[in-house]
Amino acid sequence: MTHPVDLDAWKALAAHHDDVKSTTLRDLFAADDARFEKFQLSAAGLFLDYSKNHITEKTRDNLVELAEECQVQSRLQGMFDGDIVNPTEARPALHTALRNRGDKPVVVAGEDVMPDVKSVLSRLRVFTDKVRDGSWLGFTGKPITDVVNIGIGGSDLGPLMAVEALAPFAHARLTMHFVSNVDGSHMVSTLKKVNPETTLFIVASKTFSTQETLTNAHSARNWFLESEASDADVSKHFVALSTNHEAVVEFGIDADNMFGFWDWVGGRYSLWSAIGMPLMLSVGMDRFEQFLQGAHDMDEHARTAPLSENMPVMLALLTVWYNNFWSAHSHLIAPYDQYLHRFPAYLQQLTMESNGKSVHIDGSPVTCATGPVVWGEPGTNGQHAYFQLVHQGTHLIPTDFIMALESLNPLGSHQDLLMANCFAQSEALMMGKTKEELRAEMQEAGASEEAIESLSGHRSFSGNRPSNTVLVQQLTPHALGALIALYEHKVFVEAAIWDINPFDQWGVELGKQLAKSIHQEIDVATTVTSHDSSTNGLINRALKLKNLLA
C-alpha cells in the first residue's frame, strides 16, 4: 500500500510549505479583503471561520487533493455503510447508526441493525421516563434523587461531558454523579453525597469485566447493603449498560434493567448508545433525540458535502497541515462556554486514543507524525494560565476557539465580555504586536526611550499563530450533538489520511495486563523479583511502607 508521504499531493504540500512558510497571517489578510468570506463554512447549525490559518486558496486545493488521493470520501461512505473499518478487530464502526434519524437501513453482516437500535432506544425511554417522573421507587418507596454512573474511559468521559454541557436542561430533582477512578477517594467522596434509599447506580461496562468499573461497582453494592437494604433490593437501585447477561444477573441486577449495545460501538464513540443513559435521565429522551438529530445532521454534511466545503474534512486537513508540515504537534481546544469545561478532556480521549498510532493499517511503521497532543480548558480561565505560552512561547500551537453566541444564563454584560475575549484572543494570536507598534504605544503613554528599549522584547508579540473559530447560536442539545459529531468525523478523516486505524486501542492493553499481575503480587505480599529492578524496587518499597513485608 502507498503510504501518505509517498503520495504526489503530500510532496506537493511539502514544496508548497517551503513557498508560503515565510508569509505571515498579517500579510495574507492585508492582501485579501475577502479572506474571511473565502475561508468559512456552515453546517448543522455550526459556523467555522478558518481564515486565521497559514493557508491560501492553493493550500486548500493541495490539501483537498491529498484527501482525494487518500480516498477520504469513499472511506467515509464505507464507515456509514458498515464496512470493516476496524480491521484489527474485524469490526465496523457504526456510531452513526445510533443517531440515524431516517428510515434508511444500515446493514451489518447482511442484517439491518436499525430495528435493534430503535428497540433499545424505546426501552431506554420507558425506563428513563419512570425515573424522571418519580414512578421508579427505591427499596423504601421513595423516588430517585441521585444517579451515580460507574464507568471509565468512554463510559465516563462522554456522558459526564454531555451532562455538564447540557446542565441548563437538567431535571430539577435528579443530580448526576460520576465515578471512574479506582482510587477509593473518588467513590467514598461521592457516596458521602447520596442516600442509599434514593440513589440509582448505573454500571457501565460492555463486558461487565472492566477492572476499575467492577471494583467500584462492588464497593457501591457493599455500601448499599450496609444500609437497611437486602440483596433483593439491589435490582431497584442498580442497572447495567452491558452485554454480559450472566455477570449482570450474578451481580444482582434484573436482566430487564440491562441495556446493551453492540461490538460495532467503540467506547469513545458510545455516548449515542445506552452509555448515554445519564444524559437521557438528566435532560429527558425528547432532548436526547434532539442531541441525536444534531449529530445526524452533521453526519449527513460529512457524508455528502464536497471535500472543499466539508467542515470536518477541512478541520482534519488543517491538523495534517500543521502536524506534518509545520511540526506543530500540539492542539489547543478553547471553549468559551463554562458548560463545555469537560469538552477538551473528552476530545483528548477521542483524538489521542483514536489516532495515537505508529503503524499503518497494513502494520507497517508510519513515517510521519500522527495524532497531536490535544489539551485545553475553558476561556477566559485559560487566558490567565497557559495562554502566555501560546502567545509568546516557542511552540506553534494551533487553537480551536468555540463560542456560543447566546448564553443560556444571561447576566448583564457577561456574555458580551466573554465574546469579546474570545474574538480578541484569536486576533491577538494572529496579529501579535510588533516592536514598532509597542514603541508607538509606549511613547503615547509617556514612557522613556530607556524603558521602551528595555521592555520591547518582553512586551512585543510575534503573532502569526493560527486558529479556527467555531460559532454556535446557543449550546442546545442539537448544537452539542453536531459539535461532537464534527470532531468525530475530523478524527476519522485524519486517520484516513495517515492510513491508521482510529477504532482500536491496543496501547491501553499492556498496562492493564501488567497491573493485573502486579495486583496479584501485592496481594501475596512477598518480595517481588519478577520485574525490572525499578519496578521490583517500587513494589517492595510500597509493601514495606505498608508493613506488609519484614
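Let's start at alanine 525, which sits in the loop between α22, residues 509–524, and α23, residues 533–545. Alanine 525 is not a glycine, and yet its phi is positive, at about 60 degrees. Keep in mind, everyone, that this is a predicted model.

Some background for anyone new to backbone angles: most residues other than glycine have a negative phi, and most peptide bonds are trans. With that in mind, let's look at some other spots.

Phenylalanine 208 is one of them. You'll find phenylalanine 208 in the loop between β7, residues 199–204, and α10, residues 211–225. Here again we have a positive phi, about 55 degrees, in a residue that is not a glycine. Now, is phenylalanine 208 buried or exposed? It counts as buried, because its relative accessibility is 6%, and the cut-off for buried is under 20%.

Next, a peptide bond. Going from glycine 379 to threonine 380, the bond is cis, and its omega is near 15 degrees. Threonine 380 belongs to the loop that runs between β11, residues 373–375, and α17, residues 387–392.

Let me finish with a helix, α21. It covers residues 477–498, which makes 22 residues. From its first C-alpha to its last, α21 reaches 32 Å, close to the 32 Å expected at 1.5 Å a residue. And how many of those residues are buried? The count is 21 of the 22, so α21 is largely enclosed by the rest of the structure. Then, just after α21, comes aspartate 499, with a positive phi of about 60 degrees.

Key. Residues are numbered from 1 along each chain as its sequence is written. This is a predicted model: local features need pLDDT of at least 70, side-chain atom pairs count only at pLDDT 80 or more; totals for chains, interfaces and linings use all residues. Side-chain values use heavy atoms; hydrogens and water are left out. Helices (H or I, at least four residues) and strands (E, at least two) are DSSP runs, numbered from the N terminus. The expected span of a helix is 1.5 Å times one less than its number of residues. Buried means under 20% relative accessible area, exposed over 50%, partly exposed in between (1.4 Å probe, protein chains only).
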